[in-house]
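User: I'd like to learn how to read helix packing in a model like this one. Can you walk me through it?

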Amino acid sequence: MDPYMSLSQQERGRRLIEAAEQGAAEQVRELLAAGADVGARQECGGGYTVLHWAAESGHVAAASCLVSAGAEVDARDSVYQWTPLHLAARSGHAGVVRLLVGASADLNARDRWGQTPLHLAAQLGRAEAAAELLLAGADGGARDERWRTPLDVAREWGKQQLVDMLRQR
């Protein structure tokens, strides 16, 4: 008998979030097979979905399981309106960025400040993630609510490698 079947749906969701955050892909698979909700959200802490947690933590295998199981790649958190791609770019996880781009995530999704995943990668100096976004066709000229492009943000935050990369676009 499956050890997860006796758990409540809420507990399966909680464990799925935990497994995704830790990158325990096999446990993610088992929990999904036991009926855990691929769209489970952790309401405290901003309403991240399971895929948000896997993306922020950089776990490609866990994120891949979730995407294959039908996780919403453009789900928004309830505080900043970040998508999993925003979190992967912000955290510098190029492998997860590549996976999400391949799953048709919105490259130019806007958060509550009008920033795209490329803006966040530029602000934090995440060159590999930014390169993946640019390669996939992210809009380097997108402007946030303060009318700044990713290049402007990279300059403002002193991220020279990103300034050089974005200048070549």
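**Reading the helices**

Analyst: Let's start with Glu132, which sits in helix α8 (residues 127-136). Helices here are DSSP runs of H or I with at least four residues, strands are E runs of at least two, and both are numbered from the N terminus. This is a predicted model: local features need pLDDT of at least 70, side-chain atom pairs count only at pLDDT 80 or more, and totals for chains, interfaces and linings use all residues. Residues are numbered from 1 along each chain as its sequence is written, and side-chain values use heavy atoms, with hydrogens and water left out.

User: Is Glu132 buried or exposed?

Analyst: The cut-offs come first: buried means under 20% relative accessible area, exposed means over 50%, and partly exposed is in between (1.4 Å probe, protein chains only). Glu132 counts as buried because its relative accessible area is 18%.

User: Which residues is Glu132 in contact with?

Analyst: Contact means heavy atoms within 4.5 Å. Skipping neighbours within four places in sequence, Glu132 is in contact with Ala94, Val97 and Arg98.

User: Which residues of α6 are buried?

Analyst: In helix α6 (residues 94-102), the buried ones are Ala94, Val96, Val97 and Leu100. They sit on the same side of α6, because they cover an arc of only 160° around the axis. That arc is taken from the directions from the helix axis to the C-beta atoms. As for partners, the buried residues of α6 pack against α3 (50-57), α4 (60-68), α5 (84-91) and α8.

User: How many residues of α5 are buried?

Analyst: Seven of its eight, so α5 is mostly covered. The buried set is Pro84, Leu85, His86, Leu87, Ala88, Ala89 and Ser91. These pack against β2 (48-49), α3, α6, α7 and α8. Just past the end of α5, Gly92 takes a positive phi of about 80°.

User: Which residues have a positive phi although they are not glycines?

Analyst: Gln81 is one of them, with a phi of about 65°. Gln81 is in the loop between α4 and α5, and its relative accessible area of 31% makes it partly exposed. Ser104 is another, at about 70°. Ser104 lies in the loop between α6 and α7 and is exposed, with a relative accessible area of 58%.

User: How do I describe two packed helices?

Analyst: By the angle between their axes and the distance between the axes. The axes are lines fitted to C-alpha atoms, for helices over the stretch in contact, and angles run from 0 to 180 degrees between N-to-C directions. Now the case here: the axes of helix α7 (residues 117-124) and α8 come within 9 Å and cross at roughly 150°. That makes α7 roughly antiparallel to α8, since angles over 145 degrees count as roughly antiparallel, under 35 as roughly parallel, 65 to 115 as roughly perpendicular and the rest as oblique.

User: Which residues make that contact?

Analyst: From α7 it's Pro117, Leu118 and Ala121, and from α8 it's Ala130, Leu133 and Leu134. They divide into six nonpolar, no polar and no charged. For that count, Ala, Val, Leu, Ile, Met, Phe, Trp, Tyr, Cys and Pro are nonpolar, Asp, Glu, Lys and Arg are charged, and the others, Gly among them, are polar.

User: What does Ala127 touch?

Analyst: Not counting residues up to four places away in sequence, Ala127 touches Gln161, Leu162 and Met165. Ala127 belongs to helix α8 and is buried, with a relative accessible area of 13%. Ala127 and Met165 are 38 residues apart in sequence, yet 8.1 Å apart in space, C-alpha to C-alpha.
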